[in-house]
Amino acid sequence: MSIHDYESVIGLEVHVELKTTHKLFCECATTFGAPPNTQVCPVCLAMPGALPALNREVVEFAVRAGIATHCTIEHRSCFDRKNYFYPDLPKAYQVTQNEFPICTGGYLDIATGDQVKRIRIERIHMEEDAGKLIHISEEGTLVDCNRCGVPLIEIVSQPDLRNGEEAVAYLRKLRAIARYTGISDGKMNEGSLRCDVNLSIRKKGEQTLGTRVELKNLNSFNFIARAIDSEFKRQVEIVEQGGTLVQETRRFDEKTGQTYAMRKKEQAADYRYLPDPDLVPVEIEAEEVNRIRVAIPRLPEERKEQYIRDYDLTAYEAERLTDDKELSDFFEKAVQETTYPKILVNVILADVAPLYAEEPLDDPVNPASLGKLSNLLATGEINSNTGRKVLKALMEEDFDPTSYVSEHDLAQINDREKLQETVDDSIAANERAIKDYLGGKDSAIRAIVGRVMKDTGGRANPILVETMIKEAIGGR
Amino acid sequence: MNYTSMELLQLSAALRNREISSRELTEAVFRTIDAREEAIGAYITLTRDLAIKQADRVDALLGQGLTLPALAGIPGALKDNIATRGIRTTNASRMLETFVPPYDAFVWRLLRQQEIVLTGKTNMDEFAMGHSTETSAFHLTRNPYDTTRVPGGSSGGSAAAVASGEACFALGTDTGGSVRQPAALCGLVGLRPTYGLISRRGVTSFASSLDQVGTMTRSVRDNALLLDAIAVRDKKDVHSVGHEGESYLDAISEPLSSPIIGWPESYFNSGDLAGDVREQLEKALHFYESIGARIIPVDLKTLDASLAAYYIISSAEGFSAMNRYDGVHYGYRSETVESLEDVYVKSRTEALGPEVKRRILLGCFALSNDQYDDYFLKATQVRTLVKQEFENVFQSCDAILTPVTATTAWPIGTLPEESGGGRYSNDRFTLPASLTGMPAISVPVGLSDKGLPVGMQLMGKRFSESLLYRLAACYEDAHGLLATPGEVK
């Protein structure tokens with residue numbers, strides 16, 4: 001059998017750090033990057049007698065996430081203690097929701113290629129983060145407790161994902177939701193979005209689940225995709241060679257592109273969960289859920305449908321635009337200034353969207369100006385070449401594109417008479433290219449057009465120029 | 001005048017009328033401490049300097065003609081699991097021998113607002129796990145009525161301090177009986193209030209669903225006065241409800257109209273109930289009958305099951321609560337560590353005592369994957385049954401009268417007589433109130449032939465403290481206060 005006969009079965013556990021002002025059970029600040037141990041108190045340091053007091057804002061954030069992922073919001077959920085020793089966990093237990101999570105049974109639709117695929121979400125629960133260990137070589141390890149007690153939600157998917165691409169699409173979608181609903185920055189590099197991957201393989205067509213391997217410490221979309229593909233290959237190789245997979249936790253090495261086992265001896269974890277007697281069940285009334293639902297800003301799905309409907313965009317275009325809340329907001333501002341949304345979207349997806357890449361961004365250019373710029377492009381007043389130049393200038397400093405174009409004499413030359421001389425010159429100077437073109441090499445005409453563009457400072461209408469050349473040299 | 005045997009209300013009046021100063025009273029208490037402490041061992045830490053300062057402050061304020069709260073200027077003690085900012089709070093453990101909390105327990109803040117004088121922090125069983133104060137990592141505490149005997153526990157230091165006149169009142173904590181039992185063995189009034197009446201914030205958790213702060217005083221009215229000062233809602237303890245309306249002290253004066261007192265046969269027919277205890281309790285029953293109460297037999301079947309359920313739940317919660325003492329962040333760390341595992345294993349091995357370890361292991365077992373359903377889950381189900389049983393019983397009676405302990409104080413170094421329930425069986429009468437969250441008060445009934453105090457337990461519905469106080473005050477008014485250890489000799 002070959003690798004193509006196998007498929008991955010992947011489920012993700014995604015931790016989203018919530019950007020509430022205060023921690024989950026105390027009033028300490030949650031600011032990222034503060035000096036070590038400056039955002040701590042007896043509660044998050046687990047001093048004797050300290051008691052947790054639930055920050056209700058966290059509940060609201062969790063409910064927002066649940067609504068945005070089509071989950072059932074449970075009227076009553078409970079906190080449990082997960083007991084284990086580690087220096088970044090002062091209480092020696094993590095307060096989490098084990099048996100009764102706040103949200104259950106939702107889904108997210110992801111787009112892969114032209115397909116829309118539904119990924120089921122098993123549950124979303126609230127829990128507290130642990131601190132950070134700082135290893136100093138030759139000196140030892142220090143503990144920074146600033147992050148102890150920072151609120152998280154964990155979103156657990158069903159094993160519905162099949163490859164790295166789908167996993168990344170799902171994560172992008174989750175991150176978009178986190179940002180749309182305002183619950184998190186979703187920054188992987190700062191750890192406010194973290195992902196553990198559970199992966200097993202099976203032969204295509206089979207329904208059983210294989211031995212599950214957990215991949216931890218993956219801190220970029222790129223690594224996640226690579227780790228999944230590499231782990232898939234590793235597992236297939238082992239099975240193909242007649243080996244047996246072990247249930248274990250593995251780490252991805254960015255340099256080698258391989259996964260490796262984190263610990264040789266995997267002890268069966270027994271966290272000795274118990275209901276946290278310092279807390280009472282979290283109750284939330286339908287009315288409150290509705291209040292939260294109504295207050296949630298428009299989510300990507302809704303925006304996407306609206307874009308397709310109102311601006312005649314393709315599903316792909318709408319998906320790309322709504323991938324990122326900031327980008328989508330940018331588009332909505334820019335589209336107010338143009339009568340040619342399709343042109344605007346072309347410009348945004350080609351030249352603006354890549355800037356949003358992984359991290360959120362302020363508007364890289366005044367959206368209103370970009371809207372006006374698209375009008376100039378759409379009406380042929382400038383060509384795409386000039387458009388790109390103007391956009392570049394706009395990113396440096398904002399101005400009115402229409403006056404800029406006339407002031408700098410950038411308008412596209414659409415006048416045959418004005419172009420005729422230059423076209424003739426170009427034909428005369430490119431005998432070889434003409435021969436090639438007439439000999440059947442279509443692309444050879446580009447050289448002749450290019451010469452005209454160069455001679456006109458990029459302002460000639462390239463389509464018109466091409467037509468004129470063809471007319472002049474005859475042929476096809 | 002022997003100030004230290006006066007009731008709080010009398011002391012309060014004497015202070016206001018400037019018959020005595022807080023300084024004089026405080027010095028008198030410390031003279032008793034100087035005389036008795038070596039024999040009794042009630043305290044882990046004495047706060048003499050602070051006490052004198054607090055007393056002088058009260059005298060100054062009274063001198064300015066200010067009206068101060070009732071407890072102002074009166075010396076009292078706190079069990080050493082109640083956090084006091086700037087004063088070490090050891091929980092009677094090597095683990096926290098030098099731990100000085102940077103915060104105050106809510107109850108201590110309330111008492112400071114009352115301008116009480118703090119005599120010190122009292123001895124206890126390590127982390128409140130025990131019933132004789134013998135598991136303290138530091139020293140024994142002896143029963144003031146017979147110093148060869150235990151004072152009970154875990155709030156044994158608080159009980160011994162008040163009984164010996166080394167404090168005018170004290171706070172303890174009661175998880176399974178740790179206020180009521182030492183109160184009974186030391187001849188005091190000890191209340192375990194309704195779960196949630198007093199904030200637990202700043203009080204070291206042993207088993208959070210069971211822990212309650214309790215009041216220990218010589219008289220019933222003193223107890224009500226003390227409860228009035230600390231039954232205040234704390235918004236940062238989710239279980240805290242506090243008390244509003246008529247003060248407990250005032251409520252005692254209201255008439256008691258022919259109450260119905262339940263008498264659970266199962267409690268009295270327990271095999272090991274000592275003769276002298278039974279005798280005193282029957283005396284109390286007859287007294288209540290004589291003042292027009294109706295005594296009805298009530299059927300409580302869950303006594304033995306409560307014992308098992310209590311030890312499983314308290315140990316499970318205790319296991320989880322104790323894990324924070326890991327040698328990493330604060331408290332004891334072994335000096336011979338070479339690895340992270342050493343930090344945990346050696347620190348805990350060296351700094352925790354055998355009883356604490358026993359409970360940790362018990363809890364660890366009861367919560368493990370394989371045992372959870374048979375132990376922890378079952379125990380929580382039993383707890384629900386116990387609650388239901390008491391709810392039913394309280395449909396037909398106002399209060400239930402039971403023993404507090406099966407025996408009077410037992411000799412140091414021995415276990416109380418067992419009735420098949422093992423080392424913990426003497427605790428069983430106090431456990432149902434803990435499991436159900438209902439209030440229960442231990443009230444001195446009299447002295448045994450050996451001159452040892454015997455207490456009765458009155459249990460009531462949730463928030464029935466006023467009724468329990470009235471019933472207790474009735475008995476106390478008719479019989480007078482129990483003789484102090486000094487008077488007995």
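The contact between the two chains takes 23 residues from chain A and 34 residues from chain B. On the side of chain A that touches chain B, 16 residues are nonpolar, two are polar and five are charged. Keep in mind that this is a predicted model. The predictor gives the complex an ipTM of 0.95 and a pTM of 0.89. For chain B, the average pLDDT is 95, and 98% of the residues score at least 70.

Now to chain A and its sheet. Nine strands form an open sheet there, in the order 2-6-7-10-1-11-12-13-14, with mixed pairing. At the edges stand strand 2 (72–73) and strand 14 (258–261) of chain A; each has a single partner strand, so one side of each has no neighbour in the sheet. Further in, strand 7 (residues 115–128) and strand 10 (residues 151–157) of chain A run antiparallel and are joined by seven bridges. To pick out a pair, Ile121(A) has Ser157(A) in strand 10 as its bridge partner. In general, strands of a sheet pair through backbone hydrogen bonds.

Next, two helices of chain B. How do helix 11 and helix 13 of chain B pack? Helix 11 (residues 303–322) and helix 13 (residues 354–366) meet at an angle of about 105 degrees, and their axes are 7 Å apart. The two helices of chain B are therefore roughly perpendicular to each other. Helix 11 contributes residues including Tyr311(B), Ile312(B) and Phe319(B) to this contact, and helix 13 contributes residues including Val356(B), Arg359(B) and Leu362(B). The residues of this helix contact divide into 10 nonpolar, three polar and one charged.

How values were computed. Residues are numbered from 1 along each chain as its sequence is written. Chains are lettered from A and ligands numbered from 1 in the order in which they are written. This is a predicted model: local features need pLDDT of at least 70, side-chain atom pairs count only at pLDDT 80 or more; totals for chains, interfaces and linings use all residues. Axes are lines fitted to C-alpha atoms, for helices over the stretch in contact, and angles run from 0 to 180 degrees between N-to-C directions. Helices (H or I, at least four residues) and strands (E, at least two) are DSSP runs, numbered from the N terminus. Angles under 35 degrees count as roughly parallel, over 145 as roughly antiparallel, 65 to 115 as roughly perpendicular and the rest as oblique. Two residues are in contact if their C-beta atoms, placed from the backbone, lie within 7 Å. Ala, Val, Leu, Ile, Met, Phe, Trp, Tyr, Cys and Pro count as nonpolar, Asp, Glu, Lys and Arg as charged, and the others, Gly among them, as polar. pLDDT is the predictor's confidence in each residue, from 0 to 100. Two strands pair if DSSP finds at least two bridges between them.
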